[in-house]
Amino acid sequence: MSLGKVGKFTRNILDQKRRFLAAKCEVKRKLYKAICNDTSLPADLREQHRQKLSELPRNSSFTRLRNRCIFTGRPRAVYEKFRMSRIVFRSLANQGALQGVKKASW
C-alpha cells in the first residue's frame with residue numbers, strides 16, 4: 001500500500017486503526033506464537049499454527065505501530081507520556097498550557 005503524500009491526520013487515523021487491530025488480535029497472535037515456539041509439540045501442529053499466524057492481518061502486529069504526535073502527526077521525537085513531539089511539547093510548555101510542567105532553572 002503506497003501512501004505517497006498523505007496528510008498528518010490520515011497518518012494518525014491509520015495508526016489508530018493499526019492499534020485497534022493489534023489489540024483485537026493480540027490474544028490469537030500470542031497463542032499461535034507460543035505454540036509455534038514450543039519444541040515439545042509435534043512439528044505438524046506447530047506448522048498448522050504457523051500457517052494461522054501468517055494468515056492474520058499484517059497490521060495486527062505490534063511492531064507495525066508507531067508513536068505519533070497527536071497534534072502534528074510527527075513520527076519522531078515523540079514523548080510517550082504526553083503523546084506529542086518535542087517541538088509541540090516545548091511550545092505548549094512555554095505557554096504554560098501543560099499542567100505540572102515548568103522550565104527548569106537552577
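Visitor: Before we start, what does contact mean here?
Guide: Contact means that heavy atoms lie within 4.5 Å. The model under discussion is a predicted one.

Visitor: Good. Which residues does S60 touch, then, leaving out those up to four places away in sequence?
Guide: With those left out, S60 touches L21, A22, C25 and R29.

Visitor: Where does S60 lie?
Guide: S60 is placed in the loop that runs between α3 (43-55) and β1.

Visitor: Is S60 buried or exposed?
Guide: S60 has a relative accessible area of 0%. Buried means under 20%, so S60 counts as buried.

Visitor: What polar partners does its side chain have?
Guide: The side chain of S60 forms a polar contact of 2.8 Å with the side chain of R29.

Visitor: Let us turn to S85. Where is that one, and is it buried or exposed?
Guide: S85 belongs to strand β2. S85 is buried, its relative accessible area being 1%.

Visitor: What is S85 in contact with, beyond its neighbours within four places in sequence?
Guide: Apart from those neighbours, S85 is in contact with C69, T72, R74, R76, A77 and V78.

Visitor: Now the helix α4. Which of its residues are buried?
Guide: Helix α4 covers residues 86-95, and its buried residues are V88, F89, L92 and A93. Viewed down the axis of α4, these buried residues fall within an arc of 125°, so they line one face of the helix.

Visitor: Why would such residues point the same way?
Guide: An α-helix has 3.6 residues a turn, so residues three or four places apart point the same way.

Visitor: What covers that buried side, and what is on the face turned away?
Guide: The cover over the buried residues of α4 includes β1 (78-79) and β2 (84-85). The face turned away from the buried side carries the exposed residues R90, N94 and Q95.

Visitor: And what comes just after α4?
Guide: Just after α4 comes G96, which takes a positive phi of about 80°.

Visitor: Last topic: how much space lies in the second largest pocket?
Guide: The second largest pocket holds about 150 Å³ of space.

Visitor: What lines it?
Guide: The lining of the second largest pocket includes N12, D15, Q16 and R19, together with V78 and Y79. The largest share of this lining, four residues, comes from α1. Both α1 (8-24) and β1 supply at least two residues each.

Note on methods: Residues numbered from 1 in each chain as written. Predicted model: local features only at pLDDT ≥ 70, side-chain atom pairs only at ≥ 80, totals over all residues. Heavy atoms only, no water. Buried < 20%, exposed > 50% of the residue type's maximum accessible area, 1.4 Å probe, protein only. Arc of directions from axis to C-beta. Polar contact = N/O pair within 3.5 Å; in protein donor to acceptor, adjacent residues only side chain to side chain. 1 Å grid on protein atoms, 1.4 Å probe; cavity = no way out; pocket = protein on both sides within 12 Å on 5 of 7 lines; lining within 4 Å. Points joined across faces, edges and corners; volume = space filled by probe spheres on them.
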